[in-house]
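Subject: Structure handover

Hi,

Here is the structure for you to look over. My notes on it follow below.

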Amino acid sequence: MDVLINATSVGLSAAGIPLADRWPGDAFCYDMSYGDKALFQQWAERHGANTSVDGLGMLVEQAAVAFEIWRGAHVDSEPVYRHLRERVARS
């Protein structure tokens with residue numbers, strides 16, 4: 001299985017995703033953007049990606065690790081993730 005990661009701002013522009021239409025096929029596609037800004041994720045889904053996710057989970061997990069490093073307390077990130085996912089879905 002191929003892995004395709006969008007770590008650029010290309011999906012944020014109105015110009016679209018400059019990849020061939022036959023991509024990604026049987027691929028795991030990850031967009032570091034999230035919500036409506038995750039245009040690469042949406043593009044990958046339309047083009048048949050096996051799995052396509054946005055970057056909200058990574059954002060939440062990075063915040064949880066930073067909190068633990070700075071405050072010395074572990075954070076249960078799942079409720080935070082669910083809350084933010086609901087807010088992103090409503091926006």
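Ile5 is exposed, because its relative accessible area is 52% and the cut-off for exposed is over 50%. Keep in mind that this is a predicted model. Ile5 sits in strand S1, residues 2-6. Together with Val3 and Met32, Ile5 makes a nonpolar surface patch of about 280 Å².

Asn6 is also in strand S1. Is Asn6 buried or exposed? Asn6 is buried, at a relative accessible area of 5%. The side chain of Asn6 has a polar contact with the side chain of Thr8, at 2.7 Å.

**Overall layout**

The protein chain has 3 helices and 3 strands. Along the sequence, they follow the pattern β-β-α-β-α-α. The C-alpha atoms fill a box of roughly 45 × 30 × 20 Å, taken along the principal axes. The protein chain has 91 residues, and 27% of them count as buried.

**The aromatic pair**

The count of aromatic pairs comes to 1. Phe40 and Trp43 form that pair, and it is stacked. The ring centres are 5.8 Å apart, with 20° between the planes. Both residues lie in helix H1, residues 39-46. Phe40 and Trp43 are 3 residues apart, about one turn of the helix. Why does that spacing matter for direction? An α-helix has 3.6 residues a turn, so residues three or four places apart point the same way.

Both partners are buried. Phe40 has a relative accessible area of 3%, so it counts as buried. Trp43 counts as buried too, at 4% relative accessibility.

**Salt bridges**

How many salt bridges are there? The count comes to 2.

One of them joins the side chains of Asp54 and Arg85, at 2.6 Å from N to O. This pair links distant parts of the chain, 31 residues apart. Asp54 is in the loop between strand S3 (51-53) and helix H2 (56-71). Arg85 is in helix H3. Asp54 counts as buried, at 9% relative accessibility. Arg85 is partly exposed, with a relative accessible area of 26%.

A salt bridge also joins the side chains of Arg82 and Glu78, at 3.7 Å from N to O. Arg82 and Glu78 both lie in helix H3. They are 4 residues apart, about one turn of the helix. Arg82 is partly exposed, with a relative accessible area of 45%. Glu78 is partly exposed as well, at 40%.

**Helix H3**

Helix H3 covers residues 77-90, which is 14 residues. What does helix H3 reach from its first C-alpha to its last? The span is 20 Å, close to the 20 Å expected at 1.5 Å a residue.

Which residue caps the N-terminal end of H3? Asp76 does. A side-chain oxygen of Asp76 lies 3.4 Å from the backbone nitrogen of Glu78.

Phe28 lies in strand S2, residues 27-31. Phe28 is partly exposed, with a relative accessible area of 27%. Where is Ser52 relative to Phe28? The two are 24 residues apart in sequence. In space they are 5.9 Å apart, C-alpha to C-alpha.

Gly35 is in the loop between S2 and H1. Gly35 is buried, because its relative accessible area is 14% and buried means under 20%. Gly35 and Leu84 are 49 residues apart along the chain. Their C-alpha atoms are separated by 9.9 Å.

Best wishes

Note on methods
Residues numbered from 1 in each chain as written. Predicted model: local features only at pLDDT ≥ 70, side-chain atom pairs only at ≥ 80, totals over all residues. Heavy atoms only, no water. Patch = residues over 30% accessible without salt bridge, like charges linked within 9 Å, V, L, I, M, F, W, Y side chains within 5 Å. Areas by Shrake-Rupley, 256 points an atom, 1.4 Å probe, with all protein chains shown as cover. Salt bridge = Lys/Arg side-chain N within 4 Å of Asp/Glu carboxyl O. Helix = DSSP H or I, 4+ residues; strand = E, 2+ residues; numbered from the N terminus. Buried < 20%, exposed > 50% of the residue type's maximum accessible area, 1.4 Å probe, protein only. Expected span 1.5 Å × (residues − 1). Polar contact = N/O pair within 3.5 Å; in protein donor to acceptor, adjacent residues only side chain to side chain. Phe/Tyr/Trp six-rings, centres within 6.5 Å; stacked < 30°, edge-to-face > 60°.
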